[in-house]
Amino acid sequence: MRDTVIIIGSGLMGSGIAACSALAGNKTVLVDINPDQLDRGLAAAKANIGELLANGLADEAGAMKARELISVSSGYEAYSRSASMVIEAVVENLEVKQKLFARLDQVFPPEVPLLSNTSGLRITDIALLTEHPERTVTTHFWFPGHLVPLVEVVVGDRTDIEIASAVRDTLKSWGKAAVLVKRDLPGQLANRILQAVIREAVNIVEIGLADPEDIDTAVKMGMGIRMPVWGPLEHIEAAGLDLCLNVQRTVLPEISSRTTPSPVMETLVEEGNLGYKTGSGFYDWSVKDMDELA
Ligand code: NAI
């Protein structure tokens, strides 16, 4: 019986996805090339379940059962007859993922979907060396995978749309907000929207229109308050497309339409101002507190 979800790569994302899979009632196996990582990945997956429980997103009995459903393994070959799906969450490197998918394609029979959590690579390219690319799909869980509901399900050039749709349905049954991305283009869906917002936020700094703190406040306290309820298209439906079109006619010619990163970003990175991890970026983190954002 095919009742086991195989997750390859037990790092940050793999351990989050494992928590989701197990809480949905699946036997879940975390596989990693690094034996030392297996225990860490298992502990992280169990801690993620604990976090969901603590936040009221799982119940006690479900969490206890989920912890028992997760195991670890240094290989995946033994699961060729029991795997219902394979989710790859290894390092973001095309060659590594291609080689892995070529091997997975040999080990698992064609009815087992082979899924990649890639952030930015095309599933079409990842599946280049497979004989059955029709069962390859990107399932891009957002970080932290156990907490953020969104999963982008991206259809590759040679993916069978029915398989991708079935994968989406399965992830929905796990309680994820799984959306179908019908073409395999850079940025998938949500990163395109996020990058449009980031591009404009940086542009506003560049042209001296507002300070970083005020830009972030405007996003959080303006559109951010509405966004949990309304997406951008629902927003313009509510406001009226005629109004939006008028605003677009006035505003679009004024806002950044650059296709390369802002020099402000280039300079910050060149000078080693990488944000929180180096103590400064747009903000001075010796005076700003990350915990306030939690
Ligand atoms: P990570 O570095 O935390 O974990 C990767 C794990 O894969 C490591 O434990 C490593 O030992 C293992 N590994 C590497 N090659 C392997 C192989 N051939 N077979 C088995 N295990 C192997 O990486 P992370 O952050 O979990 O990212 C995994 C994937 O998820 C990447 O494709 C990344 O782009 C994507 N992703 C990452 C997000 C993030 O915020 N970190 C968000 C969404 C997607």
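**View 1. Contacts of I7.** Leaving aside residues up to four places away in sequence, I7 touches G14, I17, A18, S21, T28, V29, L30, V31, I87 and A89. Contact means C-beta atoms, placed from the backbone, within 7 Å. The model is predicted: local features need pLDDT of at least 70, side-chain atom pairs count only at pLDDT 80 or more, and totals for chains, interfaces and linings use all residues. Residues are numbered from 1 along each chain as its sequence is written.

**View 2. The largest nonpolar core.** This core holds 50 residues. I6, I7, V86 and V153 touch the most other members. Helix α1 (residues 12–23) gives the most to this core, with seven residues. A nonpolar core is a set of buried Ala, Val, Leu, Ile, Met, Phe, Trp, Tyr and Cys residues joined through C-beta atoms within 7 Å. Buried means that 20 or more other C-beta atoms lie within 10 Å of a residue's own, with C-beta atoms placed from the backbone.

**View 3. Helix α1.** Helices are DSSP runs (H or I, at least four residues), numbered from the N terminus. Of the 12 residues of α1, 11 are buried, so the helix is largely enclosed by the rest of the structure. Among the buried ones are M13, I17 and L23. G25 follows α1 and has a positive phi, near 95°.

**View 4. The ligand shell.** 23 residues surround the ligand (C-beta atom, placed from the backbone, within 6 Å). The closest are G9, G11, M13, E92 and F143. α1 and α4 (94–107) each supply at least two shell residues. α1 gives the most, with three.

How values were computed: Contact = placed C-beta atoms within 7 Å.
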